[in-house]
Amino acid sequence: MAAPAVDAEYLKEIDRARRDLRALISSKNCAPIMLRLAMSTHFTFLPEKTTMQEPLKARHPKITYADLYQLAGVVAVEVTGGPTIDFVPGRKVCLDFRGEGLFSPHICIFLYFHLPFVQDFMDSPEEGRLPDAKQGPSHLREVFYRMGLSDKDIVALSGGHTLGRAHPERSGFEGPWTKDPLKFDNSYFVELLKEESEGLLKLPTDKALVEDPKFRPYVEIYAKDEEAFFADYAASHKKLSELGFTPPSSCFKVTAILAQSAVGVAVATAVVLLSYFYEAHRRVK
């Protein structure tokens with residue numbers, strides 16, 4: 001499927017969908033599943049899709065499913081108190097690991113990992129490409145490095161577990177990672193550094209972030225400095241969401257126009273100021 005034409009009307013539709021998503025996520029308390037779908041599960045036809053977002057898709061038919069779910073993830077983070085994440089539209093649809101649409105094969109892997117029940121809806125990925133929550137640092141790096149992501153990205157994106165909980169029927173694990181699973185903050189990292197967090201989940205891959213000497217410094221920084229976590233999370237989320245996606249040229253044009261306008265205003269301001277000082281200097285003489 002061809003990518004959508006990202007023109008002025010499409011951008012207006014994105015803004016309208018953003019407003020509708022804020023209302024939907026706030027009323028349904030569904031930020032965790034929206035974030036999981038965006039980060040981890042992009043892009044196959046799931047039960048959550050049809051029951052929760054199909055009415056939204058019907059209201060905004062111009063927007064591709066790919067853009068809609070990525071936008072939902074961005075809004076889910078924002079409305080629960082997290083950082084503002086830059087969103088660039090223009091994605092097309094992909095239904096399998098071959099990358100014949102929505103994103104590169106790497107993105108579809110997250111779907112298989114976080115929501116195993118969707119395996120019936122998708123082709124199987126290649127052996128060894130799925131992150132295994134029961135393994136440790138070397139496995140995390142093997143999977144994430146393949147996507148061009150760094151240690152900082154791995155730790156920052158893991159902070160998304162601040163929202164939601166694990167369900168045994170889906171992942172084999174149960175429980176929330178934080179005391180308030182509907183609030184996006186740095187509490188995931190605060191809890192990781194505690195020896196005991198009663199009632200809270202710590203997967204082997206979570207523990208690996210504390211035990212590995214290269215991961216741990218990021219955990220410590222994010223536990224102490226929520227703003228640092230927010231900044232790095234926003235950058236890593238954007239990087240992940242754009243794997244295999246080249247923003248359409250129209251978006252670059254809009255950016256260029258805005259940049260040119262800003263430069264024009266700056267130049268005009270400088271000319272006015274220089275003229276003022278020149279005239280003042282001339283009068284003094």
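User: Which residues of helix 10 (residues 204–211) are buried?
Analyst: Ground rules: this is a predicted model, where local features need pLDDT of at least 70, side-chain atom pairs count only at pLDDT 80 or more, and totals for chains, interfaces and linings use all residues. Numbering runs from 1 along each chain as its sequence is written, and side-chain values use heavy atoms, with hydrogens and water left out. Helices (H or I, at least four residues) and strands (E, at least two) are DSSP runs, numbered from the N terminus. Taking buried as under 20% relative accessible area, exposed as over 50% and partly exposed as in between (1.4 Å probe, protein chains only), helix 10 buries Thr-205, Asp-206, Ala-208, Leu-209 and Val-210.

User: And what covers those buried residues of helix 10?
Analyst: Contact here means heavy atoms within 4.5 Å. On that basis the cover includes helix 6 (137–145), helix 7 (151–158), helix 9 and helix 11 (216–224).

User: How much of the protein counts as buried overall?
Analyst: The fold comes to 13 helices and two strands. Among the 285 residues, the buried share is 50%.

User: Which backbone oxygen does the side chain of Asn-186 reach?
Analyst: Asn-186 sits in the loop between strand 2 (175–176) and helix 9 (187–192), and it's buried because its relative accessible area is 11%. Leaving out residues up to four places away in sequence, it touches several others, including Tyr-222 and Phe-229. A polar contact is a pair of N or O atoms within 3.5 Å; within protein, one must be able to donate a hydrogen and the other to accept it, and residues adjacent in sequence count only if both atoms are side-chain atoms. At 3.1 Å, the side chain of Asn-186 gets to the backbone oxygen of Ala-223.

User: How are helix 11 and helix 12 (residues 226–241) angled, and which residues make the contact?
Analyst: Axes are lines fitted to C-alpha atoms, for helices over the stretch in contact, and angles run from 0 to 180 degrees between N-to-C directions. These two pack at about 120°, axes 5 Å apart. The contact residues are Ile-221, Tyr-222 and Lys-224 of helix 11, plus Glu-226, Ala-228, Phe-229 and Asp-232 of helix 12.

User: How do helix 4 and helix 12 run relative to each other?
Analyst: Gln-70, Gly-73, Val-74 and Val-77 of helix 4 meet Tyr-233, His-237 and Ser-241 of helix 12. The axes lie 11 Å apart at an angle of about 170°. The two helices are therefore roughly antiparallel.

User: What kind of aromatic pair do Tyr-65 and Tyr-69 make?
Analyst: Rings of Phe, Tyr and Trp (its six-membered ring) pair with centres within 6.5 Å; planes under 30 degrees apart are stacked, over 60 edge-to-face and the rest tilted. The structure holds 11 such pairs. In this one the centres are 5.8 Å apart and the planes at 5°, so the pair is stacked.

User: And how far is the charged end of Lys-57 from the ring centre of Tyr-65?
Analyst: Tyr-65 counts as buried because its relative accessibility is 17%. A charge sits over a ring if NZ of Lys or CZ of Arg is within 6 Å of the ring centre and within 35 degrees of the ring normal. For Lys-57 over Tyr-65, the distance is 5.0 Å.

Note on methods: Angles under 35 degrees count as roughly parallel, over 145 as roughly antiparallel, 65 to 115 as roughly perpendicular and the rest as oblique.
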